[in-house]
Amino acid sequence: MKLNINKLKLKWKIFGFIFGFCALLLVILWLFQIVFLGAFYKSVKAIEVKNAVNTIANNINNKHLSDLVKGISGSGEIYIEVASLDGTKILSSSNTKYQVSLKDKLEMISSAKSKNNEYYKHVISSPPKKPLGNKEAKGQSPPADMQAVESLMYAKIVKNSSGKTLVILVNGVISPVNATVTTLRYQLYVVTAIMILLSILLALIIAKRISKPIEEINKSAKILAGGNYDIHFNGKGFKEIEELSDTLNTTATELSKVEELRHELLANISHDLRTPLSLIYSYAEMIHDFPDEVTPEETQVIMDEVQRLKTLVDDVLDISKLEAGMQNLSLSRYNLTDSVRSIAERIGELVKKDGYSISFSYDKEVFVCADVSKITQVIYNLIINAINYTGKNKNIIVSQVIYGENVIIEVTDNGDGIAEENLQYIWDRYYKIDKRHKRAVMGTGLGLSIVKKVIELHGGKYGVKSKLGEGSTFWFELKIDKSGDAH
């Protein structure tokens with residue numbers, strides 16, 4: 001069965017990545033310490049030989065050249081000689097064990113002449129023959145003096161200050177690294193075993209530490225998805241995890257509010273629908289049973305309740321469209337003052353018989369560029385809201401205030417007012433301060449949500465000023481359109 005890595009748990013993915021990284025480091029360590037050790041050593045030795053030749057060439061006229069040669073040869077693994085073109089030695093390092101034979105010297109001098117005055121070659125000399133009867137123990141390496149010698153030979157032709165042509169010869173011996181490689185290999189066996197155990201342990205600890213808070217959040221998220229909004233997310237250990245927990249806690253709180261509002265909406269709309277439907281059914285039944293006794297007042301009740309149902313449905317649809325961004329503005333320049341005055345007078349006539357009075361005050365007429373029907377709906381909703389929540393003093397005051405380049409429309413009632421902690425919520429969808437639903441005098445009770453969305457679409461401002469026992473003032477602000485003032 002093929003393993004799908006995308007379906008592995010996060011913990012095992014992290015474990016795999018960390019363990020794989022440690023394994024890669026071990027492979028690189030083995031390659032550099034065992035496989036490539038000899039090659040690296042030879043490269044370093046070649047650089048060392050060339051540097052020795054160049055140093056002597058640069059100091060060929062130095063009166064202390066002999067001391068310099070002895071200093072460079074130092075450990076005795078580099079033999080240095082300065083000779084004439086015929087191979088005659090002029091000076092050399094004190095260690096003559098690896099001195100170059102005359103035959104090799106002449107060969108290298110000849111090659112250097114034909115190759116831009118420099119010549120380099122890699123030499124492996126055969127080991128000397130063992131004396132008869134000299135046997136080695138099984139598994140033992142032969143003595144150092146009985147092993148093949150590997151060296152790097154370098155020749156460079158230079159001229160001194162007197163014009164004499166000289167040859168600098170260097171023979172750098174490459175020490176056998178077999179014993180070193182064997183030692184390193186056994187060390188790496190131990191190091192590899194320790195590293196594998198530590199990497200597994202470390203990978204498990206890190207994987208568990210990183211994945212545990214995510215797994216806990218995942219469990220809580222599944223509970224949240226099941227509709228339990230009382231769940232609390234408690235992610236710790238990393239900044240991102242804590243921020244995710246805070247975000248999910250906020251989400252759970254908001255979903256809980258939405259669920260509560262949904263229940264209230266269903267209850268309120270059910271109540272608002274049930275009452276007019278009951279009245280319509282009762283009067284229709286009466287008309288059916290006593291068709292000859294129908295009065296205009298009874299048919300008017302049916303008409304009024306049908307109109308109320310239509311208004312409720314229209315308001316719910318308007319909110320849905322505004323929330324979905326499906327409402328487009330049809331902007332035009334019109335007289336806002338005249339529109340407010342007309343709406344206040346029209347509503348005032350409708351509620352006059354119930355003891356309500358609506359007054360409108362303004363300094364001068366102003367024009368705005370806005371969607372006439374939607375701003376009309378805003379004004380209508382604010383006045384209806386004031387009628388529904390005003391107190392025994394049924395006076396509603398509508399006023400227009402000019403503030404710099406803007407105009408503010410205020411609607412003031414004399415109701416019970418709103419507590420300060422509730423002011424920020426009254427614009428929310430379906431929010432009600434009084435949780436005991438009561439039938440509005442007019443309208444549907446959804447008007448403030450429509451006001452908020454319409455004014456936001458116009459780029460205006462809105463708000464409320466209220467004190468308990470003193471009533472409330474709802475307002476909105478739009479920019480004055482002065483484009484026609486010059487005409």
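1. Val35 counts as exposed, because its relative accessibility is 53% and the threshold for exposed is over 50%. The residue lies in helix α1. This is a predicted model.

2. Val35 belongs to a nonpolar surface patch. Helix α1 (residues 10–35) gives the largest share, eight residues.

3. On the chain overall: there are ten helices and twelve strands. Of the 487 residues, 36% are buried. The chain exposes about 29700 Å², with 56% of that supplied by carbon and sulfur atoms. Among contacts between residues at least 6 apart in sequence, 67% join residues at least 24 apart.

4. Helices α9 (residues 372–389) and α10 (residues 447–457) pack at about 145°. Their axes are 9 Å apart. The crossing is left-handed. From α9, the contacting residues are Lys374, Ile375, Gln377, Val378, Asn381, Leu382 and Asn385. From α10, they are Gly447, Leu448, Ile450, Val451, Val454 and Ile455.

5. Lys374 also forms a salt bridge with Asp371, with the closest N and O atoms 3.7 Å apart. Both partners are buried: Lys374 has 9% relative accessibility, and Asp371 has 4%.

6. The salt bridge count comes to eight. One of them pairs Asp481 with Arg333, at 3.7 Å from N to O. This pair links distant parts of the chain, 148 residues apart. Asp481 sits in the segment after β12 (471–479), and Arg333 in strand β6 (residues 331–335). Asp481 is buried at 14% relative accessibility. Arg333 is partly exposed at 33%.

7. Lys465 and Glu410 form another salt bridge, their closest N and O atoms being 3.4 Å apart. Lys465 is partly exposed, with a relative accessible area of 48%. Glu410 is buried, at 17%. Elsewhere, salt bridges with shared partners join Asp338, Arg341 and Glu365 into one network.

8. Is Ser245 buried or exposed? Ser245 is buried, because its relative accessible area is 2% and buried means under 20%. Its place is in helix α6 (residues 239–289). Leaving out residues up to four places away in sequence, Ser245 touches Ile217, Phe233, Asn234 and Gly235.

Methods:
Residues are numbered from 1 along each chain as its sequence is written. This is a predicted model: local features need pLDDT of at least 70, side-chain atom pairs count only at pLDDT 80 or more; totals for chains, interfaces and linings use all residues. Side-chain values use heavy atoms; hydrogens and water are left out. Patches are made of residues with over 30% relative accessible area and no salt bridge: like charges are joined within 9 Å, nonpolar side chains (Val, Leu, Ile, Met, Phe, Trp, Tyr) within 5 Å. Accessible areas come from the Shrake-Rupley method with a 1.4 Å probe; for residues, only the protein chains shown count as cover. A salt bridge is a side-chain nitrogen of Lys or Arg within 4 Å of a carboxyl oxygen of Asp or Glu. Helices (H or I, at least four residues) and strands (E, at least two) are DSSP runs, numbered from the N terminus. Buried means under 20% relative accessible area, exposed over 50%, partly exposed in between (1.4 Å probe, protein chains only). Axes are lines fitted to C-alpha atoms, for helices over the stretch in contact, and angles run from 0 to 180 degrees between N-to-C directions. A crossing is left-handed if the near helix is turned anticlockwise from the far one by less than a right angle, and right-handed if clockwise. Contact means heavy atoms within 4.5 Å.
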